[in-house]
Amino acid sequence: MTTAQKQRPTRPAETHLTQAVTPDIQAPTEATAADSPNPSADWNQTFERLTELPNQVSNLAGQYRSQLKLMAALVAALVVMRLALAVLDAINGIPLMQPLLELVGLGYLGWFAIQHLLTANSRQELSQTLNGWKTQFLGR
């Protein structure tokens, strides 16, 4: 029994509860000189580890360079997509802006169709231009 339990009288049920609830706590012992004979050796070891840290990080980066590039590209793509969506939401919030942009798109579609799709010669030129871009891009 602890000293706190000796000072006040307890009932049998209460003794059982206090024993179950009260954990055995021991005071931490103080570190003595025998535990670490040379405190400066601990500091030297810590300092050596900290000086080796940049080399270890650069070695890890060298090993996983392609994976790091891929992760950076994915994070950059995610950030760009979020920014683009934020800009589009802001534009959509402006009254009459969405119908105006749809009207501009329809106007450009009409102009493109008239310029490039009405005559057979212009369709052939467009087809040749697109095939040239495809061969440049795909290398075929």
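A polar contact is a pair of N or O atoms within 3.5 Å; within protein, one must be able to donate a hydrogen and the other to accept it, and residues adjacent in sequence count only if both atoms are side-chain atoms. The side chains of S122 and T119 make such a contact, at 2.8 Å. This is a predicted model: local features need pLDDT of at least 70, side-chain atom pairs count only at pLDDT 80 or more, and totals for chains, interfaces and linings use all residues. Residues are numbered from 1 along each chain as its sequence is written, and side-chain values use heavy atoms, with hydrogens and water left out.

Start with the whole chain. The protein chain has 6 helices and 0 strands. Both kinds of element are DSSP runs, numbered from the N terminus: H or I of at least four residues for helices, E of at least two for strands. Along the sequence the pattern reads α-α-α-α-α-α. Of the 140 residues, 4% count as buried. Buried means under 20% relative accessible area, exposed over 50%, and partly exposed in between (1.4 Å probe, protein chains only). The chain exposes about 13,100 Å², and carbon and sulfur atoms supply 64% of that area. Such areas come from the Shrake-Rupley method with a 1.4 Å probe; for residues, only the protein chains shown count as cover.

Now turn to helix α3, residues 39-63, where V57 has its place. L50, L53 and V57 make a nonpolar surface patch of about 280 Å². Patch residues have over 30% relative accessible area and no salt bridge; like charges are joined within 9 Å, nonpolar side chains (Val, Leu, Ile, Met, Phe, Trp, Tyr) within 5 Å. A salt bridge is a side-chain nitrogen of Lys or Arg within 4 Å of a carboxyl oxygen of Asp or Glu.

Next comes the loop between α4 (65-93) and α5, which holds L96. Phi of L96 is positive, near 70°. Most residues other than glycine have a negative phi. L96 is exposed, because its relative accessible area is 70%.

Helix α5 covers residues 97-116 and holds Y108 and F112, 4 residues apart, about one turn of the helix. Rings of Phe, Tyr and Trp (its six-membered ring) pair if their centres lie within 6.5 Å; planes under 30 degrees apart count as stacked, over 60 as edge-to-face and the rest as tilted. The count comes to 2 aromatic pairs. Y108 and F112 form a tilted pair, because their ring centres are 6.4 Å apart and their planes stand at 35°. Ring pairs link Y108, W111 and F112 into a cluster. Y108 is exposed at 53% relative accessibility, whereas F112 is partly exposed at 27%.

Just after α6, G139 takes a positive phi of about 75°.
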